[in-house]
Amino acid sequence: MPTFEEITAFITDKPLATAVITLLSLVGLVLAYLVLRVAWRALTWLVARYVAPRPIEDVLTVVAASIATGVSAQGMWRFSGDVLGLDGPLRLLLFAFIEVAIITSAVRARRNMRENYSAGIDGIAVWALTCLTAVLSSMDAHSLPEAIFRLAAPLVAAWLWERGMAIERHRIRGTGRINWRLTPERLLVRLGIAEVSDRTASEVDAHRRLTRVALAAKQAKVLREGGAPERKVRAALAKLDKAMDQAVEHTGLAVDATRQEALLAQIAALYNTSALIDADPRVPWEPHADHHPVPARPALPPALAQLVDEEDEDVEILDPTPQVVDTAQRAALMRASREFWDRQIAKGIVPRTVDIAQEIGISLTTAREYRSLWKLEPQAHALIEALYHQHGIVDTGTFPVIAADGRVLTKS
C-alpha cells in the first residue's frame with residue numbers, strides 16, 4: 001500500500017491522471033450506490049412478497065435446506081473433478097445437474113400438492129435423486145467421517161423439504177398426515193388411570209356400582225336357571241346382595257329415579273342379549289321395497305280390534321281377591337301359569353294379565369307379577385316389539401294396559 005508521501009508526490013507530478021482517477025472513482029461510487037439501492041429494493045420486495053407472509057419455521061426450513069443442498073453440490077463438484085475428470089467450463093456446467101433436478105422435482109411436487117393434494121411421483125423423485133447424490137458424493141470421500149457427512153447432508157435437505165411439505169399439506173387440507181394409535185392419553189385410558197369422557201368421579205363410581213349389580217343379577221339368574229348347585233346359587237345371591245347394598249349406600253339408588261331406570265335398563269339389556277341373534281335392523285339408506293312407515297293411527301285387524309275393545313270387567317275371574325296359599329300350592333300355580341304362557345307364546349300370542357288370571361284362577365296382582373317377569377324373555381320381547389312396529393300397540397306392563405277401573409287402554 002503506498003504511503004502518504006508517495007500519494008502526494010504522484011498528485012504533484014501527475015495532476016491530470018489524478019483528476020481522471022478521482023472522476024472515475026466518483027462515478028464508481030455513484031454506480032455502486034445505485035446498484036446497492038436496486039439490490040436493497042429487490043431484496044425488500046422479495047422479503048415482503050415471499051418471506052414475510054410465511055411462518056418462521058417455513059423460512060428456516062428453506063434456509064437450512066439450501067445450506068444442505070450447497071454442501072451436497074460441493075461434494076458433486078469434487079466428484080466431477082476427481083472421478084469424472086471434468087475441468088474448466090464443462091465442470092462448471094455439469095457438476096450440479098442432480099441438485100437442479102432435485103429442486104425441479106421439489107417445485108413440481110409442491111405444485112401437485114396445491115392442485116391435487118398429493119406430491120405424486122415428483123415427491124418420490126426428490127428422495128430417489130437425493131439418495132443418488134448422497135451416494136455419489138460419499139464415494140469421493142477420503143475418510144469415514146467425511147463419507148458419513150456427505151451422506152447426511154443431502155438426506156437432511158430432503159427431510160427438511162418433506163417437513164415443509166407436511167406443513168403445506170396440513171395448511172391446505174386442514175388435517176394431519178396420520179393419527180397415532182399409541183398416545184399417552186390412550187395409554188392412561190387403557191390402564192384405567194384416565195377417563196375417556198368428562199364425567200365426574202361420583203358419576204363414574206355410580207355407573208360402575210350399578211353395572212356391578214346388573215352383572216351380579218345376571219350371574220345369579222343364569223346359575224339358578226341352569227340348575228347349578230345350591231352352594232353356587234347361594235354364593236351368587238350373596239354377591240348380588242352385597243353389590244346391591246353398596247349401590248344403595250353410595251349411589252342413592254333408593255331415592256334416585258334416574259339411576260333406578262339406568263339399573264333396570266342394564267338388567268334388561270343383559271337378560272335379553274340372546275335376542276340380538278334374531279335382530280334384523282334395517283339399513284336406513286337401503287330400505288326394503290315392501291317397507292312402509294307406520295301411520296300415526298294405524299288401523300288394527302279385526303282380531304286385534306276385538307282384543308283391544310274387550311273390557312276386563314266382562315271377563316270372569318275365578319277368584320279376584322288376593323289369595324293366601326302355602327308354598328307348595330303357590331309353586332303349582334306358578335308352574336301352571338308358566339305352562340300356559342309358554343303355549344301361548346309358541347302360538348305367537350302374548351297373553352294379557354287377565355288371560356293368565358282367568359286360565360289359572362289366580363288374582364290379577366299375581367298374574368301381573370308373573371307377566372312382568374316373563375315378558376322380558378327374548379321370544380316374548382320379540383313378539384311385543386313386532387306388535388309395536390306393525391300395529392303401534394305399546395306394552396307398558398300388562399299389554400294392553402289395564403286402568404284402575406278395569407278398562408283396557410292402548411297407545412299408538
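## Helix packing and an aromatic cluster in a predicted model

Q266 lies in helix α11, and in this predicted model its side of the story begins with burial, since Q266 has a relative accessibility of 17% and therefore counts as buried, the cut-off being under 20%. Leaving aside residues up to four places away in sequence, Q266 touches H207, L210, T211 and A214.

### Helix α9 and its surroundings

Helix α9 covers residues 201-225, which makes 25 residues, and it reaches 36 Å from its first C-alpha to its last, close to the 36 Å expected at 1.5 Å a residue. Just after α9, G227 takes a positive phi of about 70°. A contact of another kind involves K221, whose charged end sits over the ring of Y271, 5.0 Å from the ring centre.

### The aromatic cluster

A pair of aromatic rings is described by the distance of the centres and the angle of the planes. The count of aromatic pairs comes to two, and they are set out below.

| Pair | Centre to centre | Angle between planes | Arrangement |
|---|---|---|---|
| W341 and W374 | 5.8 Å | 50° | tilted |
| Y370 and W374 | 5.4 Å | 25° | stacked |

The pair of W341 and W374 counts as tilted because its planes stand at 50°, whereas planes under 30 degrees apart count as stacked and those over 60 as edge-to-face. W341 lies in helix α13 (residues 327-346) and W374 in helix α15 (residues 364-374), so this pair ties together parts that are 33 residues apart in sequence. Both ends of the pair are buried, W341 with a relative accessible area of 1% and W374 with a relative accessibility of 6%.

An α-helix has 3.6 residues a turn, so residues three or four places apart point the same way. Y370 also counts as buried, at 3% relative accessibility. Taken together, W341, Y370 and W374 form one aromatic cluster.

### Helices α1 and α2

Which way do α1 and α2 run relative to each other? The axes of helix α1 (residues 4-13) and helix α2 (residues 15-51) come within 5 Å and cross at roughly 110°, and the two helices are therefore roughly perpendicular to each other. On the side of α1 the contact is made by F10, I11, T12 and D13, and on the side of α2 by P15, A17, T18 and I21.

### The chain as a whole

The chain contains 16 helices and two strands. Of its 412 residues, 28% count as buried. Among the contacts in the chain with a separation of 6 or more, residues 24 or more positions apart account for 60%.

Notes:
Residues are numbered from 1 along each chain as its sequence is written. This is a predicted model: local features need pLDDT of at least 70, side-chain atom pairs count only at pLDDT 80 or more; totals for chains, interfaces and linings use all residues. Side-chain values use heavy atoms; hydrogens and water are left out. Rings of Phe, Tyr and Trp (its six-membered ring) pair if their centres lie within 6.5 Å; planes under 30 degrees apart count as stacked, over 60 as edge-to-face and the rest as tilted. Helices (H or I, at least four residues) and strands (E, at least two) are DSSP runs, numbered from the N terminus. Buried means under 20% relative accessible area, exposed over 50%, partly exposed in between (1.4 Å probe, protein chains only). A charge sits over a ring if NZ of Lys or CZ of Arg is within 6 Å of the ring centre and within 35 degrees of the ring normal. The expected span of a helix is 1.5 Å times one less than its number of residues. Axes are lines fitted to C-alpha atoms, for helices over the stretch in contact, and angles run from 0 to 180 degrees between N-to-C directions. Angles under 35 degrees count as roughly parallel, over 145 as roughly antiparallel, 65 to 115 as roughly perpendicular and the rest as oblique. Contact means heavy atoms within 4.5 Å.
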